[in-house]
Amino acid sequence: MIVENVKVGDLKPSKDQVRTTLSEEGLEQLAISLKEHGQEVPIKVRRNGEGYEIIYGHRRAEASKRAGLKTIVAIVEDADDSEALLKQILENECREDVPDIEKARGYARIVEKLGCTQGEFASMLGVGRSKISLAFSALSAVDHGVEVYDESGGISNHHTALVSRLDGSWDEKREVADKVNSEKLGQTQIQQVVRA
């Protein structure tokens, strides 16, 4: 592991980037902070041809570019595709602002890439198997158009998984999700709807 000042122009996003939503406002605030106070936490990269592929720190890299910075502090590490994806997922696990459904997509990618079970992945991540199972249920539901939103407007893995476990077709589950969303039902009310 080496810490280097890497040229911002030499950075490429991860081909397996899990996180797809970046707040414009958050990026602008981070760019201002980087310009005024400097970078406190390095990003992590791996060599990729003439440049570097970001393992994690995509927001910091984008904010550095917007701030007009020429270099960024990076930990340069040798990592194959599976290791890089696992490190990205572990980093995202610690961040509150990564939507749960994006974390779930990352889980699915790494389970497929490593060829491991959900239980084995839960052990690697240091979480209960039920958390991973819930994430996979929610991801399957979202892929079928069933989405239950939380108070902030993001997809709630927990509530989406509850609705996905109903008996019936995906069309019927979408109707239940629409009812939950339009009536802004809480967990207890959702459970009552599920039981009914």
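This is a predicted model: local features need pLDDT of at least 70, side-chain atom pairs count only at pLDDT 80 or more; totals for chains, interfaces and linings use all residues.
Read along the sequence, this protein follows the pattern β-β-α-β-β-α-β-α-α-α-α-α-α-α. That gives 9 helices and 5 strands. Along the principal axes, the C-alpha atoms fill a box of roughly 60 × 35 × 25 Å. Of the 196 residues in the protein, 43% are buried. Taking the contacts with a separation of 6 or more, 72% are between residues 24 or more positions apart.

I'll start with the nonpolar core. The largest one has 21 residues. Within this core, the residues with the most contacts are Ile89, Ile101, Tyr107, Ile110, Phe121, Leu125 and Ile132. Which elements give two or more residues to the core? They are α3, α4, which covers 100–114, α5, and α6, which covers 129–143. The most comes from α6, with 7 residues.

Leaving aside neighbours within four places in sequence, Ile132 is in contact with Tyr107, Gln118, Phe121, Ala122, Leu125 and Val127.

Next, one pair of helices from that set. Two packed helices are described by the angle between their axes and the distance between the axes. For helix α3, residues 81–93, and helix α5, residues 118–125, the axes come within 11 Å and cross at roughly 65 degrees. The crossing of α3 past α5 is right-handed. Which residues meet there? From α3 we have Leu86, Ile89, Leu90 and Glu93, and from α5 we have Phe121, Met124 and Leu125. Sorted by class, that contact has 6 nonpolar residues, no polar ones and 1 charged one.

Is Ala122 buried or exposed? Ala122 counts as buried because its relative accessibility is 1%, and the cut-off for buried is under 20%. Beyond four places in sequence, Ala122 is in contact with Val127, Gly128, Arg129 and Ile132. The C-alpha atoms of Ala122 and Ser133 are 11 residues apart along the chain and separated by 9.1 Å.

Gln118 also lies in helix α5. Gln118 has a relative accessible area of 22%, so this residue is partly exposed. Outside four places in sequence, Gln118 is in contact with Arg129, Ile132, Ser133 and Phe136. From Gln118 to Lys131, 13 residues away in sequence, the C-alpha to C-alpha distance is 9.7 Å.

The buried residues of α2 are His58, Arg60, Ala61, Ala63 and Ser64. Among the elements covering them are β2, α1, β3, β4, β5 and α3. After α2 comes Gly68, with a positive phi near 80 degrees.

Glu53 is in strand β4, residues 51–56. Buried or exposed? Glu53 counts as buried because its relative accessibility is 5%. The Glu53 side chain makes a polar contact with the side chain of Asn48, at 3.4 Å. Setting aside neighbours within four places in sequence, the contacts of Glu53 are Lys12, Pro13, Ser14, Lys15, Lys44, Val45, Arg46 and Asn48.

Gln39 is in the loop between α1 and β3. With a relative accessible area of 25%, Gln39 is partly exposed. What does the Gln39 side chain reach? At 2.9 Å there is the backbone oxygen of Val41. With neighbours within four places left out, Gln39 is in contact with Leu34, Ile72 and Val73. Gln39 and Ile72 are 33 residues apart along the chain, and their C-alpha atoms are separated by 7.6 Å.

Last, a residue on the outside. Ser152 is found in the loop between α6 and α7. Ser152 is exposed, with a relative accessible area of 68%. Ser152 and Leu86, the α3 residue from the helix pair, are 66 residues apart in sequence and 28 Å apart in space, C-alpha to C-alpha.

Key: Residues are numbered from 1 along each chain as its sequence is written. Side-chain values use heavy atoms; hydrogens and water are left out. Axes are lines fitted to C-alpha atoms, for helices over the stretch in contact, and angles run from 0 to 180 degrees between N-to-C directions. Helices (H or I, at least four residues) and strands (E, at least two) are DSSP runs, numbered from the N terminus. A crossing is left-handed if the near helix is turned anticlockwise from the far one by less than a right angle, and right-handed if clockwise. Contact means heavy atoms within 4.5 Å. Ala, Val, Leu, Ile, Met, Phe, Trp, Tyr, Cys and Pro count as nonpolar, Asp, Glu, Lys and Arg as charged, and the others, Gly among them, as polar. A nonpolar core is a set of buried Ala, Val, Leu, Ile, Met, Phe, Trp, Tyr and Cys residues joined through side-chain atoms within 4.5 Å. Buried means under 20% relative accessible area, exposed over 50%, partly exposed in between (1.4 Å probe, protein chains only). A polar contact is a pair of N or O atoms within 3.5 Å; within protein, one must be able to donate a hydrogen and the other to accept it, and residues adjacent in sequence count only if both atoms are side-chain atoms.
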